[in-house]
Amino acid sequence: MSIPSIIKLLLFCALANAISLSELVRQAPLTLNRPIPGGSPLLQCDLEEPQSLEITSVSLDPNPPQRGENLTIAASGILKTVVEEGAYVDVEVRLGYIKLLSQTYDLCEQLEENDVSGLRCPLPADEYDLLKSVEIPNEVPPGRYSFFARAYNADDTQITCLTGEIVFPGY
């Protein structure tokens, strides 16, 4: 095979792969994100999917969060459907490319155990303002942490999707 034939073959393969890739991209579901008002690093994700929680604001103090300090989270939103017992949230946390956590939690149990503004299931459709303070341990290793959480009702309808990044600089 001559050099021009090899080049033609490589160009054909590249073009064929580009067409396949563009077809895959065209067919792949697109995850849309939008910043949540309030200046936090949180984004609401899966905007192409129906969600029963409209998050109207989230603010963090301090922003960005700091190791060894309390973090106060203030959030507001409008819940359009009742959240029943059996609701759950899938959470994934990564440090760079390393998956630190991938777990499903009982949403109602977490609300009670973490005393989130006295909320208990079933949660009626309503407007909510939440305030929660958590301690960020001094031992948190430096790095870029990304998180992803999808909350679902007991019937598997999506309540909300949240994603974002927090960077803890070196010591």
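Visitor: Which way is the disulfide of Cys108 and Cys121 handed?
Guide: This is a predicted model, and in it a disulfide joins Cys108 to Cys121, with 1.9 Å from S to S. The torsion about that S-S bond is about -85°, so the disulfide is left-handed.

Visitor: Where in the chain do Cys108 and Cys121 sit, and how many residues apart are they?
Guide: Cys108 belongs to helix H2, residues 107–113. Cys121 lies in the loop between H2 and strand E7 (126–135), which puts the two cysteines 13 residues apart.

Visitor: Are Cys108 and Cys121 buried or exposed?
Guide: The word "buried" is kept for residues under 20% relative accessible area. Both Cys108 and Cys121 count as buried.

Visitor: How many disulfides does a search of the whole structure find, and what is the pairing in sequence order?
Guide: The search turns up two disulfides. One joins Cys108 to Cys121, and another joins Cys45 to Cys161. Number the bonded cysteines along the protein chain and the pairing reads 1-4, 2-3.

Visitor: What handedness does the disulfide of Cys45 and Cys161 have?
Guide: Here, too, the S to S distance is 1.9 Å. The torsion about the S-S bond is about -90°, so the Cys45 and Cys161 disulfide is left-handed.

Visitor: Which parts of the chain does the pair of Cys45 and Cys161 link?
Guide: Cys45 sits in the loop between strand E2 (42–44) and strand E3 (53–61). Both cysteines are buried.

Visitor: On to the rings: is the pair of Tyr88 and Tyr152 stacked or edge-to-face?
Guide: A search of the whole structure finds two aromatic pairs, and this is one of them. The ring centres of Tyr88 and Tyr152 are 5.2 Å apart, with 25° between the planes. Planes under 30 degrees apart count as stacked, and the pair of Tyr88 and Tyr152 is stacked.

Visitor: Why does Tyr152 count as buried?
Guide: Tyr152 is in strand E8 (residues 143–152), 64 residues from Tyr88 in strand E5 (residues 88–95). The cut-off for buried is under 20%. Tyr152 counts as buried because its relative accessible area is 17%.

Visitor: What kind of pair do Tyr145 and Phe168 make?
Guide: Tyr145 is in strand E8 and Phe168 in strand E9 (residues 158–168), 23 residues apart. Both of them are buried. Their ring centres are 5.7 Å apart and their planes at 80°, so the pair is edge-to-face.

Visitor: What about pockets: which residues are closest to the centre of the largest pocket?
Guide: About 1900 Å³ of space lies in the largest pocket. There are 49 residues lining the pocket, and the closest to its centre are Leu42, Ile73, Val116, Ala149 and Leu162.

Visitor: How many residues of that pocket's lining are nonpolar?
Guide: Elements giving two or more residues to the lining include E3, E4, H2 and E9. Sorted by kind, the lining has five charged residues and six polar ones, and the nonpolar residues number 38.

Visitor: How many bridges join E3 to E4, and what is the bridge partner of Ser59?
Guide: E3 and E4 run antiparallel and are joined by eight bridges. In E4, the partner of Ser59 is Ala74.

Visitor: And which residue in E7 is the bridge partner of Leu71?
Guide: E4 also pairs with E7 in the antiparallel sense, over 10 bridges. The bridge partner of Leu71 in E7 is Val134.

Notes. Residues are numbered from 1 along each chain as its sequence is written. This is a predicted model: local features need pLDDT of at least 70, side-chain atom pairs count only at pLDDT 80 or more; totals for chains, interfaces and linings use all residues. Side-chain values use heavy atoms; hydrogens and water are left out. Rings of Phe, Tyr and Trp (its six-membered ring) pair if their centres lie within 6.5 Å; planes under 30 degrees apart count as stacked, over 60 as edge-to-face and the rest as tilted. Helices (H or I, at least four residues) and strands (E, at least two) are DSSP runs, numbered from the N terminus. Buried means under 20% relative accessible area, exposed over 50%, partly exposed in between (1.4 Å probe, protein chains only). A disulfide is a pair of cysteine sulfur atoms within 2.5 Å. On a 1 Å grid over the protein atoms alone, a cavity is a set of points where a 1.4 Å probe fits but cannot get out, and a pocket is an open set with protein on both sides within 12 Å along at least five of seven lines; lining residues have an atom within 4 Å of a point. Grid points are joined across faces, edges and corners, and a volume is the space filled by probe spheres set on the points. Ala, Val, Leu, Ile, Met, Phe, Trp, Tyr, Cys and Pro count as nonpolar, Asp, Glu, Lys and Arg as charged, and the others, Gly among them, as polar. Two strands pair if DSSP finds at least two bridges between them.
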